[in-house]
Amino acid sequence: MRIGLVGVGRIGAFHAATLKGLPAVDQVVVADADPGRAEVVAKELGLEYAADVPALLDSGVDGFVIAAATSAHAGLIEAGLAAGVPTFCEKPVALDLEETSRVVALVEGSTVPVHIGFQRRFDAGYQAAREAVATGELGFVHHVRANTNDAFPPHQSYIPQSGGFFRDCTVHDFDIIRYVTGREVVSVYAAGANRGEAFFGEYGDVDSAAALLTLDDSTFVAVSGTRYNGAGHDVRMELHGSLGSIAVGLDSHTALRSAEPGVAFPDGQPHMTFMDRFQPAYVAELTAFTEVVAGTREVPCTVRDALAAFRIAEACELSRHENRLVTLDEIA
Ligand SMILES: NC(=O)c1ccc[n+]([C@@H]2O[C@H](COP(=O)([O-])OP(=O)(O)OC[C@H]3O[C@@H](n4cnc5c(N)ncnc54)[C@H](O)[C@@H]3O)[C@@H](O)[C@H]2O)c1
């Protein structure tokens, strides 16, 4: 199988290396808006590179992986559809709701499979939590806590092309909350703050945020996140139910220390990046994509799933701006 990948920045170079290691993949060819970067990454990883996306798609690829900046996703998904090549695209689908909805309509009107990259769906901990909810092991779930704390911010130029904190970062939490609980969000109340470098505020973004979500069965979900978590990359979820509680991401590598005397746990090296926190999940996710390409698997995370998570992010942005509770039926 020959896979073409566009965008070899932080996650694209990592995905290219992961793809190269998959048994189903024979060749990987990369491209980037900066052709010099594509050449460097290709040489480092022992891959082919193409001058641009049309050349990459014309080179006989069986699958197309989009890991370019978010602002480029919609156009690149369209290019994948036009070429008739099964496509994987990193989250989110686009920078705004209108463009996301337009892409959903295009994809749903096409026979070309499009898989959106929410890798937490492939993480063993989140899968076990989903199972615990589905089997009733937790009883009725009354509270959930979900957090995405990056150890350090991305480079400055990433921010204006990201869509902002809720659409770029906590959108992962919004997707996995739906996946784990099997419920839909009905309302949000969200706030954000700038506590770190000034450029976040200059782009109209925030670097730290929180939201209270209410689900359609009256479960309350507290979501929090930051770009500045000195202890490490800390992504967790806790679910509390009438019969039990479960925690995702609580292991010896959790970026947290206990305030209790004599407690050594967690005693391992904390995760510092999304790459080390989710390495097995990314492998499972891209393996699933190769199965989509081979026609042996349905798309495991659709553009419609991505739209649902994006609508929650939109509601949070509106809530933050207007400082009020926003219901999801206000979001078109
Ligand atoms: N699933 C995850 O855990 C995860 C983690 C990080 C980033 N992401 C997503 O991956 C995407 C890339 O993020 P990143 O951190 O690697 O960003 P980055 O800024 O490090 O890299 C982006 C790359 O895309 C290239 N690019 C931009 N526009 C392009 C275009 N039109 N055509 C071709 N190449 C283009 C840039 O030159 C750059 O090399 C974003 O959409 C982000 O939301 C997902």
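## Ligand site

The largest pocket is the space taken by the ligand. The model described here is predicted. Around the ligand stand 26 residues, and the closest of these are Arg10, Asp32, Arg37, Thr70 and Tyr282.

Sorted by class, the shell around the ligand comprises twelve nonpolar residues, eight polar residues and six charged residues.

Oxygen atoms of the ligand are approached by polar side-chain atoms at several positions. For Tyr282, a polar side-chain atom is placed 2.6 Å from an oxygen atom of the ligand; Tyr282 is also listed among the closest residues of the shell. In the case of His73, the distance between a polar side-chain atom and an oxygen atom of the ligand is 3.0 Å. For His155, an N or O atom in the side chain lies 3.0 Å from an oxygen atom of the ligand.

On its own, the ligand has 850 Å² of accessible area, of which the protein covers 87%.

## Domain arrangement

The domain assignment divides the protein chain into domain 1 (2-118 + 282-301) and domain 2 (121-276 + 309-330). Taken over C-alpha atoms, the centres of domain 1 and domain 2 are 26 Å apart. Contact between the two domains involves 23 residues of domain 1 and 18 residues of domain 2.

Both domains contribute to the ligand site: domain 1 and domain 2 each supply at least three residues to the shell around the ligand.

Definitions and conventions: Residues are numbered from 1 along each chain as its sequence is written. This is a predicted model: local features need pLDDT of at least 70, side-chain atom pairs count only at pLDDT 80 or more; totals for chains, interfaces and linings use all residues. Side-chain values use heavy atoms; hydrogens and water are left out. A residue is near a molecule or strand if one of its heavy atoms lies within 4 Å of it. A polar contact is a pair of N or O atoms within 3.5 Å; within protein, one must be able to donate a hydrogen and the other to accept it, and residues adjacent in sequence count only if both atoms are side-chain atoms. Accessible areas come from the Shrake-Rupley method with a 1.4 Å probe; for residues, only the protein chains shown count as cover. On a 1 Å grid over the protein atoms alone, a cavity is a set of points where a 1.4 Å probe fits but cannot get out, and a pocket is an open set with protein on both sides within 12 Å along at least five of seven lines; lining residues have an atom within 4 Å of a point. A molecule sits in a cavity or pocket if more than half of its atoms lie within 2 Å of its grid points. Ala, Val, Leu, Ile, Met, Phe, Trp, Tyr, Cys and Pro count as nonpolar, Asp, Glu, Lys and Arg as charged, and the others, Gly among them, as polar. Domain bounds come from an automatic or database domain assignment. Contact means heavy atoms within 4.5 Å.
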